[in-house]
Amino acid sequence: MGATEYLLLVPSLAISLAIVVPLTGVLIRFRANYNPRGLALDAEGSAVPHTGPVVNSYFGMFRRVLNLEGVPGLFKGLMPSLVTALIVSLIIISMLDPSGRHGAYRAPVTGVLGTFLYGLGMVILSLPSAIITSITTPYKLPYLKPIQSLRVLLTPTERRRPWILYLTPGLLLTQFLHVAYVTLILGPLHRFLVPMKSEFGIAYPDTTPLKLAIYFAVVLTSTIVLTPLEVITTRLAIQRNHASSEYNSVSQEVEGEAEEVPEFVGVEDVIGLRNEAEPYLGLVDCAKSIINEEGFKALYRAWWVSVLGGVVSAVQ
């Protein structure tokens with residue numbers, strides 16, 4: 001990859017993130033919003049109703065973010081996302097082999113096992129990025145001060161020992177299971193039902209309407225597995241790691257420069273976070289807690305996003 005292409009990587013990522021960040025940010029907040037069905041207990045043990053926001057749709061969360069935080073709220077975390085995406089992209093590019101026409105870069109074409117191992121490697125590489133870009137903080141993150149943003153998004157413990165991000169309970173396992181399902185189940189079915197045909201340097205699906213319909217049915221059915229994993233990933237990713245258990249698992253432990261970062265001014269928070277003393281202990285505990293506290297439907301928030309991802313993959 002030439003120097004010019006490296007220089008063009010930054011503006012191209014910025015343009016794509018300008019579209020992706022608002023949509024992804026709303027999705028994260030919608031799936032992270034804690035909305036228990038029952039009553040909570042106050043310090044005296046009396047039952048009190050939940051006072052957090054009740055948002056029942058993705059577009060409802062989009063309107064809420066826009067009303068309470070405005071357009072800047074939609075682009076919260078643009079620079080942390082750009083920095084992490086740039087670092088990950090540079091690492092990926094350095095690992096890929098140039099092939100095809102005009103020196104284009106692509107992932108190595110391997111069998112099912114090779115694709116699975118490649119996916120696991122990408123999960124390990126991008127896990128810190130997944131945590132950093134899962135933004136639910138009420139602070140206004142400065143666009144041109146990424147270090148200051150990291151002081152808000154990460155706890156002092158996580159900044160001193162960044163490897164502790166990999167020990168976030170259940171997060172790595174949840175992402176591994178997601179990759180395993182996509183590469184070991186959807187991947188082979190995609191190759192069989194929607195094989196790609198190449199002509200004049202252009203790849204396009206080479207399949208029959210029946211096979212394509214079967215694959216779309218498989219993608220739709222796969223949301224039963226994939227959407228809960230994605231919701232659980234969001235819940236686990238926003239849990240912070242602290243040196244002391246006295247801190248709440250989802251609170252932002254801020255100090256130093258982070259204290260100078262202003263908050264969005266509003267009468268209420270955009271989302272409610274689960275602030276119980278005991279955090280989610282892992283994948284299974286998170287799933288059980290969501291079902292018991294918020295209902296089974298909470299595991300399938302924005303399920304149609306998983307369907308769209310599968311549909312787009314059918315033509316790639």
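I looked up R301 and E294 first: their side chains meet in a salt bridge at 3.3 Å, N to O. I count a salt bridge when a side-chain nitrogen of Lys or Arg lies within 4 Å of a carboxyl oxygen of Asp or Glu. Both R301 and E294 are buried, meaning under 20% relative accessible area, with exposed over 50% and partly exposed in between (1.4 Å probe, protein chains only).

Salt bridges that share partners join R29, E69 and K76 into one network.

The model is predicted, so local features need pLDDT of at least 70 and side-chain atom pairs pLDDT 80 or more, while totals for chains, interfaces and linings use all residues. Residues are numbered from 1 along each chain as its sequence is written, and side-chain values use heavy atoms, without hydrogens and water.

I then checked E69 and K76, whose side chains pair at 3.2 Å, N to O. E69 counts as buried because its relative accessibility is 11%. K76 counts as buried because its value is 8%.

Next came R240 and E158, a salt bridge at 3.0 Å, N to O. This pair links distant parts of the chain, 82 residues apart. R240 sits in the loop between α8 (209–237) and α9 (283–294), and E158 in helix α6 (residues 156–160). Both R240 and E158 are buried.

I searched the whole structure and found seven salt bridges.

Last, I noted the overall fold. The chain has 10 helices and six strands, taken as DSSP runs numbered from the N terminus (helices H or I, at least four residues; strands E, at least two). Of its 316 residues, 42% count as buried.
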